[in-house]
Amino acid sequence: MITFDDVTKRYPDGTVAVDHLSLEAPTGEITVFVGPSGCGKTTSLRMINRMIDASEGQILLDGVPVQGIDPPTLRRGIGYVIQQAGLFPHRKIVDNIATVPYLLGWDRKKARDRAMELLERVGLDPVMGERYPFQLSGGQQQRVGVARALAADPPVLLMDEPFSAVDPIVRTSLQEELLRLQAELNKTIVFVTHDIDEAIKLGDKVAVLRVGGKLAQLADPKTLLSEPADDFVREFLGHDRGIRRLQFISTQGLRLRSDLTVPEGFEGPTDEPWLLVVTADDRPVGWISRERLGELEPYGAFVLGRDSMRSTLDAALLSPSGCAVAVDEDGKVVGVATREALDEALAEAADG
Ligand SMILES: Nc1ncnc2c1ncn2[C@@H]1O[C@H](COP(=O)(O)OP(=O)(O)OP(=O)(O)O)[C@@H](O)[C@H]1O
(Lines give C-alpha, C1' and ligand atoms only; values in the text may rest on other atoms or scores of the structure.)
Protein backbone atom coordinates (compact mmCIF):
# COMPACT_ATOMS: atom_id res chain seq x y z
CA MET A 1 0.00 0.00 0.00
CA ILE A 2 1.14 3.53 -0.78
CA THR A 3 0.11 6.14 1.78
CA PHE A 4 0.19 9.90 1.33
CA ASP A 5 0.15 11.35 4.81
CA ASP A 6 -0.52 15.09 4.73
CA VAL A 7 1.92 15.64 1.86
CA THR A 8 2.72 19.12 0.56
CA LYS A 9 5.09 20.05 -2.25
CA ARG A 10 6.24 23.62 -2.50
CA TYR A 11 8.63 24.34 -5.38
CA PRO A 12 11.49 26.79 -4.75
CA ASP A 13 9.62 29.58 -6.55
CA GLY A 14 6.79 29.26 -4.03
CA THR A 15 4.35 27.28 -6.24
CA VAL A 16 2.32 24.91 -4.10
CA ALA A 17 1.88 21.95 -6.46
CA VAL A 18 0.44 19.54 -3.88
CA ASP A 19 -1.40 20.78 -0.82
CA HIS A 20 -1.85 18.58 2.28
CA LEU A 21 -2.63 15.45 0.29
CA SER A 22 -3.70 12.41 2.29
CA LEU A 23 -4.82 9.22 0.57
CA GLU A 24 -4.09 5.53 0.26
CA ALA A 25 -3.37 3.57 -2.91
CA PRO A 26 -4.20 -0.01 -1.88
CA THR A 27 -1.98 -2.98 -2.70
CA GLY A 28 -2.92 -4.83 -5.88
CA GLU A 29 -5.24 -2.08 -7.10
CA ILE A 30 -5.14 0.67 -9.70
CA THR A 31 -5.42 4.14 -8.17
CA VAL A 32 -5.85 6.89 -10.75
CA PHE A 33 -4.89 10.53 -10.19
CA VAL A 34 -7.01 12.67 -12.48
CA GLY A 35 -7.58 16.39 -12.77
CA PRO A 36 -7.01 19.44 -14.94
CA SER A 37 -3.59 20.51 -16.17
CA GLY A 38 -1.36 21.76 -13.37
CA CYS A 39 -3.29 20.19 -10.50
CA GLY A 40 -0.21 18.34 -9.25
CA LYS A 41 -0.73 14.84 -10.63
CA THR A 42 2.80 14.35 -11.94
CA THR A 43 4.35 15.95 -8.87
CA SER A 44 2.36 13.58 -6.62
CA LEU A 45 3.41 10.56 -8.68
CA ARG A 46 7.08 11.49 -8.73
CA MET A 47 7.20 11.97 -4.99
CA ILE A 48 6.47 8.24 -4.64
CA ASN A 49 9.77 7.21 -6.27
CA ARG A 50 11.56 10.32 -4.99
CA MET A 51 12.20 11.89 -8.35
CA ILE A 52 10.76 14.82 -6.40
CA ASP A 53 10.95 15.08 -2.63
CA ALA A 54 7.97 16.20 -0.55
CA SER A 55 8.33 19.48 1.34
CA GLU A 56 6.09 18.37 4.21
CA GLY A 57 4.37 15.19 5.24
CA GLN A 58 5.28 11.60 4.44
CA ILE A 59 4.79 9.03 1.73
CA LEU A 60 4.88 5.47 3.01
CA LEU A 61 5.38 2.28 1.08
CA ASP A 62 3.83 -0.55 3.08
CA GLY A 63 4.28 1.59 6.16
CA VAL A 64 7.92 2.55 5.48
CA PRO A 65 8.61 6.25 4.73
CA VAL A 66 10.14 6.53 1.23
CA GLN A 67 12.26 9.48 2.41
CA GLY A 68 14.30 6.98 4.42
CA ILE A 69 15.06 4.72 1.44
CA ASP A 70 17.86 5.70 -0.93
CA PRO A 71 16.44 6.44 -4.39
CA PRO A 72 18.19 3.64 -6.38
CA THR A 73 17.00 0.98 -3.91
CA LEU A 74 13.52 2.49 -3.85
CA ARG A 75 13.24 2.58 -7.65
CA ARG A 76 14.24 -1.06 -8.01
CA GLY A 77 10.86 -1.95 -6.53
CA ILE A 78 8.96 0.62 -8.58
CA GLY A 79 8.37 0.39 -12.34
CA TYR A 80 7.86 3.71 -14.11
CA VAL A 81 6.09 4.27 -17.43
CA ILE A 82 5.88 7.68 -19.09
CA GLN A 83 4.23 9.23 -22.12
CA GLN A 84 5.95 8.30 -25.40
CA ALA A 85 7.61 5.37 -23.64
CA GLY A 86 10.99 7.09 -23.24
CA LEU A 87 12.90 4.21 -24.83
CA PHE A 88 16.63 4.38 -25.51
CA PRO A 89 16.76 5.02 -29.28
CA HIS A 90 20.07 3.23 -29.93
CA ARG A 91 19.20 0.05 -28.07
CA LYS A 92 17.25 -2.85 -29.51
CA ILE A 93 13.80 -3.44 -28.03
CA VAL A 94 14.95 -6.55 -26.17
CA ASP A 95 17.77 -4.57 -24.53
CA ASN A 96 15.44 -1.69 -23.72
CA ILE A 97 13.15 -4.08 -21.86
CA ALA A 98 16.10 -5.70 -20.09
CA THR A 99 17.47 -2.35 -18.85
CA VAL A 100 16.68 -2.87 -15.16
CA PRO A 101 17.65 -6.57 -15.08
CA TYR A 102 21.04 -5.59 -16.59
CA LEU A 103 21.40 -2.89 -13.92
CA LEU A 104 20.58 -5.48 -11.27
CA GLY A 105 23.42 -7.63 -12.60
CA TRP A 106 21.35 -10.46 -14.08
CA ASP A 107 23.32 -12.49 -16.59
CA ARG A 108 22.68 -11.49 -20.17
CA LYS A 109 20.81 -14.60 -21.20
CA LYS A 110 18.46 -14.54 -18.22
CA ALA A 111 17.74 -10.83 -18.76
CA ARG A 112 17.07 -11.33 -22.48
CA ASP A 113 14.85 -14.37 -21.84
CA ARG A 114 12.84 -12.31 -19.38
CA ALA A 115 12.58 -9.48 -21.93
CA MET A 116 11.31 -11.85 -24.63
CA GLU A 117 8.75 -13.31 -22.23
CA LEU A 118 7.49 -9.81 -21.41
CA LEU A 119 7.36 -8.83 -25.07
CA GLU A 120 4.81 -11.57 -25.60
CA ARG A 121 2.99 -10.72 -22.39
CA VAL A 122 2.28 -7.19 -23.59
CA GLY A 123 1.00 -8.53 -26.89
CA LEU A 124 3.97 -7.97 -29.20
CA ASP A 125 5.49 -10.35 -31.72
CA PRO A 126 8.89 -11.68 -30.54
CA VAL A 127 10.49 -10.53 -33.84
CA MET A 128 10.06 -6.96 -32.55
CA GLY A 129 12.77 -7.72 -29.98
CA GLU A 130 15.50 -7.27 -32.58
CA ARG A 131 14.17 -3.93 -33.83
CA TYR A 132 15.02 -0.43 -32.71
CA PRO A 133 12.41 1.92 -31.19
CA PHE A 134 12.04 4.02 -34.37
CA GLN A 135 10.92 0.87 -36.22
CA LEU A 136 7.86 0.52 -33.96
CA SER A 137 4.56 2.42 -33.95
CA GLY A 138 3.72 4.71 -31.04
CA GLY A 139 1.35 2.13 -29.57
CA GLN A 140 3.95 -0.63 -29.86
CA GLN A 141 6.54 1.59 -28.18
CA GLN A 142 4.12 2.20 -25.34
CA ARG A 143 3.73 -1.56 -24.89
CA VAL A 144 7.51 -1.87 -24.74
CA GLY A 145 7.50 0.89 -22.10
CA VAL A 146 5.11 -1.20 -20.00
CA ALA A 147 7.21 -4.36 -20.56
CA ARG A 148 10.35 -2.49 -19.49
CA ALA A 149 8.68 -1.26 -16.31
CA LEU A 150 7.63 -4.82 -15.47
CA ALA A 151 11.00 -6.42 -16.24
CA ALA A 152 12.28 -6.78 -12.69
CA ASP A 153 8.79 -7.69 -11.45
CA PRO A 154 8.41 -4.66 -9.17
CA PRO A 155 5.39 -4.71 -6.84
CA VAL A 156 4.59 -1.07 -7.66
CA LEU A 157 4.03 0.54 -11.06
CA LEU A 158 3.81 4.29 -11.61
CA MET A 159 2.29 5.33 -14.93
CA ASP A 160 2.31 8.98 -16.01
CA GLU A 161 -0.12 9.60 -18.90
CA PRO A 162 1.30 6.49 -20.60
CA PHE A 163 -1.35 6.27 -23.32
CA SER A 164 -2.05 9.90 -24.09
CA ALA A 165 0.19 10.22 -27.16
CA VAL A 166 -1.53 7.50 -29.21
CA ASP A 167 -4.73 7.57 -31.25
CA PRO A 168 -8.04 6.64 -29.58
CA ILE A 169 -8.22 3.11 -31.03
CA VAL A 170 -4.70 2.17 -29.98
CA ARG A 171 -5.37 3.83 -26.66
CA THR A 172 -8.42 1.66 -26.05
CA SER A 173 -6.47 -1.50 -26.83
CA LEU A 174 -3.60 -0.43 -24.54
CA GLN A 175 -6.07 0.21 -21.74
CA GLU A 176 -7.64 -3.19 -22.22
CA GLU A 177 -4.22 -4.81 -22.32
CA LEU A 178 -3.31 -3.11 -19.04
CA LEU A 179 -6.49 -4.39 -17.37
CA ARG A 180 -5.79 -7.90 -18.68
CA LEU A 181 -2.20 -7.79 -17.40
CA GLN A 182 -3.30 -6.38 -14.06
CA ALA A 183 -5.79 -9.22 -13.59
CA GLU A 184 -2.80 -11.59 -13.81
CA LEU A 185 -0.17 -9.55 -12.01
CA ASN A 186 -2.02 -7.64 -9.27
CA LYS A 187 0.48 -4.81 -9.08
CA THR A 188 -0.05 -1.73 -6.97
CA ILE A 189 -0.50 0.82 -9.74
CA VAL A 190 -0.73 4.59 -9.55
CA PHE A 191 -1.85 5.95 -12.91
CA VAL A 192 -1.92 9.63 -13.88
CA THR A 193 -4.26 10.94 -16.57
CA HIS A 194 -6.20 14.09 -17.38
CA ASP A 195 -8.87 12.01 -19.14
CA ILE A 196 -11.82 11.22 -16.91
CA ASP A 197 -13.01 8.39 -19.19
CA GLU A 198 -9.64 6.69 -18.88
CA ALA A 199 -9.74 7.19 -15.10
CA ILE A 200 -13.18 5.61 -14.84
CA LYS A 201 -12.25 2.71 -17.07
CA LEU A 202 -8.99 1.82 -15.34
CA GLY A 203 -9.33 2.92 -11.75
CA ASP A 204 -10.34 0.75 -8.83
CA LYS A 205 -10.10 4.09 -7.03
CA VAL A 206 -10.05 7.52 -8.62
CA ALA A 207 -8.52 10.55 -6.91
CA VAL A 208 -9.79 13.80 -8.45
CA LEU A 209 -7.38 16.67 -7.82
CA ARG A 210 -8.10 20.36 -8.29
CA VAL A 211 -5.63 23.05 -9.32
CA GLY A 212 -3.61 24.02 -6.27
CA GLY A 213 -2.95 20.35 -5.55
CA LYS A 214 -5.91 19.65 -3.29
CA LEU A 215 -7.79 16.37 -3.27
CA ALA A 216 -11.38 16.99 -4.35
CA GLN A 217 -12.64 13.40 -4.05
CA LEU A 218 -11.33 9.87 -3.70
CA ALA A 219 -13.85 7.19 -4.63
CA ASP A 220 -14.46 4.14 -6.77
CA PRO A 221 -15.68 5.11 -10.27
CA LYS A 222 -19.29 4.15 -9.65
CA THR A 223 -19.53 6.28 -6.50
CA LEU A 224 -17.74 9.15 -8.23
CA LEU A 225 -20.33 9.18 -11.01
CA SER A 226 -23.34 8.82 -8.76
CA GLU A 227 -22.19 10.98 -5.84
CA PRO A 228 -19.73 13.68 -6.95
CA ALA A 229 -18.50 15.50 -3.85
CA ASP A 230 -18.99 19.04 -5.15
CA ASP A 231 -19.55 21.25 -8.19
CA PHE A 232 -15.93 21.03 -9.31
CA VAL A 233 -16.05 17.22 -9.48
CA ARG A 234 -19.49 17.32 -11.10
CA GLU A 235 -18.25 19.67 -13.79
CA PHE A 236 -15.06 17.70 -14.31
CA LEU A 237 -17.06 14.51 -14.82
CA GLY A 238 -18.87 16.25 -17.67
CA HIS A 239 -22.42 16.48 -18.85
CA ASP A 240 -22.86 12.84 -19.82
CA ARG A 241 -22.27 11.60 -16.27
CA GLY A 242 -25.62 9.83 -16.29
CA ILE A 243 -24.81 7.93 -19.48
CA ARG A 244 -21.39 6.94 -18.12
CA ARG A 245 -23.00 5.59 -14.97
CA LEU A 246 -24.78 3.05 -17.14
CA GLN A 247 -21.51 1.22 -17.66
CA PHE A 248 -21.69 0.08 -14.04
CA ILE A 249 -25.22 -1.22 -14.33
CA SER A 250 -25.50 -4.91 -15.04
CA THR A 251 -27.70 -6.44 -17.71
CA GLN A 252 -28.08 -9.61 -15.67
CA GLY A 253 -31.71 -9.15 -14.66
CA LEU A 254 -32.89 -7.44 -17.84
CA ARG A 255 -36.33 -8.56 -18.99
CA LEU A 256 -36.08 -10.19 -22.42
CA ARG A 257 -38.64 -11.31 -24.95
CA SER A 258 -38.03 -14.63 -26.67
CA ASP A 259 -41.04 -14.49 -29.01
CA LEU A 260 -39.66 -11.95 -31.47
CA THR A 261 -37.27 -14.15 -33.43
CA VAL A 262 -38.09 -15.76 -36.77
CA PRO A 263 -36.10 -17.97 -39.16
CA GLU A 264 -34.59 -16.71 -42.39
CA GLY A 265 -37.17 -16.59 -45.20
CA PHE A 266 -40.07 -15.76 -42.84
CA GLU A 267 -42.99 -14.40 -44.83
CA GLY A 268 -45.52 -13.52 -42.16
CA PRO A 269 -48.08 -12.71 -41.17
CA THR A 270 -47.30 -11.04 -37.84
CA ASP A 271 -48.81 -8.52 -35.44
CA GLU A 272 -45.40 -7.39 -34.20
CA PRO A 273 -43.98 -4.18 -35.70
CA TRP A 274 -40.45 -5.65 -35.74
CA LEU A 275 -39.07 -9.20 -35.83
CA LEU A 276 -35.50 -10.43 -35.52
CA VAL A 277 -34.32 -12.85 -38.20
CA VAL A 278 -31.94 -15.52 -36.87
CA THR A 279 -29.97 -18.33 -38.56
CA ALA A 280 -30.70 -22.00 -37.91
CA ASP A 281 -28.07 -21.91 -35.13
CA ASP A 282 -29.58 -18.81 -33.50
CA ARG A 283 -27.22 -16.11 -34.73
CA PRO A 284 -28.76 -12.71 -35.43
CA VAL A 285 -29.12 -11.66 -39.07
CA GLY A 286 -31.15 -8.43 -38.92
CA TRP A 287 -34.52 -6.88 -38.15
CA ILE A 288 -37.51 -6.95 -40.51
CA SER A 289 -40.49 -4.65 -40.15
CA ARG A 290 -44.09 -5.78 -40.57
CA GLU A 291 -44.42 -3.46 -43.57
CA ARG A 292 -41.31 -4.72 -45.40
CA LEU A 293 -40.74 -8.35 -44.45
CA GLY A 294 -38.17 -8.89 -47.21
CA GLU A 295 -35.88 -6.04 -46.18
CA LEU A 296 -33.24 -6.63 -43.51
CA GLU A 297 -32.41 -3.72 -41.23
CA PRO A 298 -29.29 -3.44 -39.01
CA TYR A 299 -29.25 -4.69 -35.44
CA GLY A 300 -27.13 -4.01 -32.36
CA ALA A 301 -26.25 -6.75 -29.89
CA PHE A 302 -24.89 -7.03 -26.35
CA VAL A 303 -23.64 -10.00 -24.34
CA LEU A 304 -26.17 -10.62 -21.59
CA GLY A 305 -24.66 -10.38 -18.11
CA ARG A 306 -21.21 -9.37 -19.39
CA ASP A 307 -21.92 -6.08 -21.15
CA SER A 308 -23.32 -3.13 -19.26
CA MET A 309 -26.52 -1.16 -19.74
CA ARG A 310 -24.46 1.38 -21.65
CA SER A 311 -23.67 -1.19 -24.38
CA THR A 312 -27.30 -2.28 -24.36
CA LEU A 313 -28.54 1.22 -24.95
CA ASP A 314 -25.96 1.65 -27.68
CA ALA A 315 -27.14 -1.61 -29.27
CA ALA A 316 -30.76 -0.38 -29.18
CA LEU A 317 -29.84 2.95 -30.75
CA LEU A 318 -28.05 1.20 -33.61
CA SER A 319 -31.24 -0.41 -34.80
CA PRO A 320 -34.41 1.14 -36.29
CA SER A 321 -36.45 -1.25 -34.14
CA GLY A 322 -35.15 0.48 -31.00
CA CYS A 323 -34.59 -2.97 -29.47
CA ALA A 324 -31.27 -4.48 -28.36
CA VAL A 325 -30.42 -8.09 -29.20
CA ALA A 326 -29.14 -10.10 -26.24
CA VAL A 327 -26.60 -12.79 -27.15
CA ASP A 328 -24.59 -15.27 -25.10
CA GLU A 329 -20.78 -15.50 -25.07
CA ASP A 330 -20.92 -17.56 -28.29
CA GLY A 331 -22.94 -14.91 -30.10
CA LYS A 332 -26.21 -16.85 -30.04
CA VAL A 333 -29.43 -14.96 -29.49
CA VAL A 334 -30.93 -15.39 -26.03
CA GLY A 335 -33.69 -12.79 -26.38
CA VAL A 336 -34.58 -9.23 -27.23
CA ALA A 337 -34.64 -6.23 -24.88
CA THR A 338 -37.50 -4.05 -26.06
CA ARG A 339 -37.84 -0.33 -25.42
CA GLU A 340 -40.22 -1.10 -22.56
CA ALA A 341 -37.67 -3.40 -20.91
CA LEU A 342 -34.94 -0.79 -21.37
CA ASP A 343 -37.21 1.90 -19.93
CA GLU A 344 -37.83 -0.23 -16.86
CA ALA A 345 -34.13 -0.93 -16.37
CA LEU A 346 -33.23 2.75 -16.81
CA ALA A 347 -35.89 3.82 -14.31
CA GLU A 348 -34.46 1.34 -11.81
CA ALA A 349 -30.94 2.62 -12.47
CA ALA A 350 -32.07 6.20 -11.88
CA ASP A 351 -33.61 5.17 -8.56
CA GLY A 352 -30.56 3.21 -7.45
N1 LIG B 1 10.05 22.51 -11.11
C2 LIG B 1 8.99 23.28 -10.89
N3 LIG B 1 9.11 24.51 -10.39
C4 LIG B 1 8.04 25.30 -10.14
N5 LIG B 1 6.76 24.93 -10.37
C6 LIG B 1 6.57 23.70 -10.87
C7 LIG B 1 7.65 22.81 -11.17
N8 LIG B 1 7.15 21.67 -11.67
C9 LIG B 1 5.80 21.83 -11.69
N10 LIG B 1 5.45 23.04 -11.21
C11 LIG B 1 4.10 23.59 -11.04
O12 LIG B 1 3.41 22.77 -10.12
C13 LIG B 1 2.04 22.64 -10.51
C14 LIG B 1 1.71 21.15 -10.66
O15 LIG B 1 2.45 20.62 -11.75
P16 LIG B 1 2.31 19.11 -12.20
O17 LIG B 1 3.23 18.86 -13.36
O18 LIG B 1 2.46 18.23 -11.03
O19 LIG B 1 0.79 19.10 -12.68
P20 LIG B 1 -0.01 18.04 -13.56
O21 LIG B 1 -1.33 17.93 -12.91
O22 LIG B 1 0.77 16.81 -13.74
O23 LIG B 1 -0.17 18.83 -14.93
P24 LIG B 1 -0.27 18.30 -16.47
O25 LIG B 1 -1.53 17.52 -16.57
O26 LIG B 1 -0.33 19.59 -17.24
O27 LIG B 1 0.97 17.51 -16.72
C28 LIG B 1 1.89 23.44 -11.77
O29 LIG B 1 1.39 24.71 -11.42
C30 LIG B 1 3.29 23.54 -12.30
O31 LIG B 1 3.46 24.72 -13.07
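This report walks through the fold, domains, cores and ligand shell of a predicted model.

## Ground rules

Because the model is predicted, local features need pLDDT of at least 70 and side-chain atom pairs count only at pLDDT 80 or more, while totals for chains, interfaces and linings use all residues. Residues are numbered from 1 along each chain as its sequence is written.

## Overall shape

Let's start with the whole protein chain. Its C-alpha trace spans about 80 × 50 × 30 Å along the principal axes. The chain holds 13 helices and 16 strands, taken as DSSP runs (helices are H or I with at least four residues, strands are E with at least two) and numbered from the N terminus.

Of the 352 residues, 38% are buried. Here a residue is buried if 20 or more other C-beta atoms lie within 10 Å of its own, exposed if 12 or fewer, and partly exposed in between, with C-beta atoms placed from the backbone. Among contacts between residues at least 6 apart in sequence, 60% join residues at least 24 apart; a contact has the two C-beta atoms, placed from the backbone, within 7 Å.

## Two domains

The domain assignment gives domain 1 (2–248) and domain 2 (261–351), with bounds that come from an automatic or database domain assignment. Their C-alpha centres lie 40 Å apart. Domain 1 brings four residues to the contact and domain 2 brings five residues. On the domain 1 side, three are nonpolar, one is polar and none is charged. In this scheme Ala, Val, Leu, Ile, Met, Phe, Trp, Tyr, Cys and Pro count as nonpolar, Asp, Glu, Lys and Arg as charged, and the others, Gly among them, as polar.

## Nonpolar cores

A nonpolar core is a set of buried Ala, Val, Leu, Ile, Met, Phe, Trp, Tyr and Cys residues joined through C-beta atoms within 7 Å. The largest one has 69 residues, and V32, I48, I97, A147, A151, L158 and V190 touch the most other members. Helix α6 (residues 138–150) supplies the largest share of this core, five residues. Not counting residues up to four places away in sequence, A147 touches I97, L118, L119, R121 and V122. A second, separate core of 26 residues includes L254, L275, I288 and A324.

Strand β6 (residues 78–82) is mostly covered, with four of its five residues buried. This strand pairs with β7 (residues 156–160) in the parallel sense over five bridges, where pairing requires DSSP to find at least two bridges between the strands. I78 has V156 as its bridge partner in β7.

Which residues lie closest to the ligand? They are Y11, A17, S37, T42 and T43, in a shell of 13 residues; a residue is near the ligand if its C-beta atom, placed from the backbone, lies within 6 Å of it. The shell divides into three nonpolar, eight polar and two charged residues.

Helix α1 (residues 41–48) gives the largest share of the shell, three residues. Six of the eight residues of α1 are buried, namely K41, T43, S44, L45, M47 and I48. After α1 comes R50, with a positive phi near 65°.

## An exposed loop residue

E130 sits in the loop between α5 (108–121) and α6. Why does E130 count as exposed? The reason is that E130 has 11 C-beta neighbours inside 10 Å. Leaving aside neighbours within four places in sequence, E130 is in contact with K92 and V94. E130 and G105 are 25 residues apart in sequence and 21 Å apart in space, C-alpha to C-alpha.
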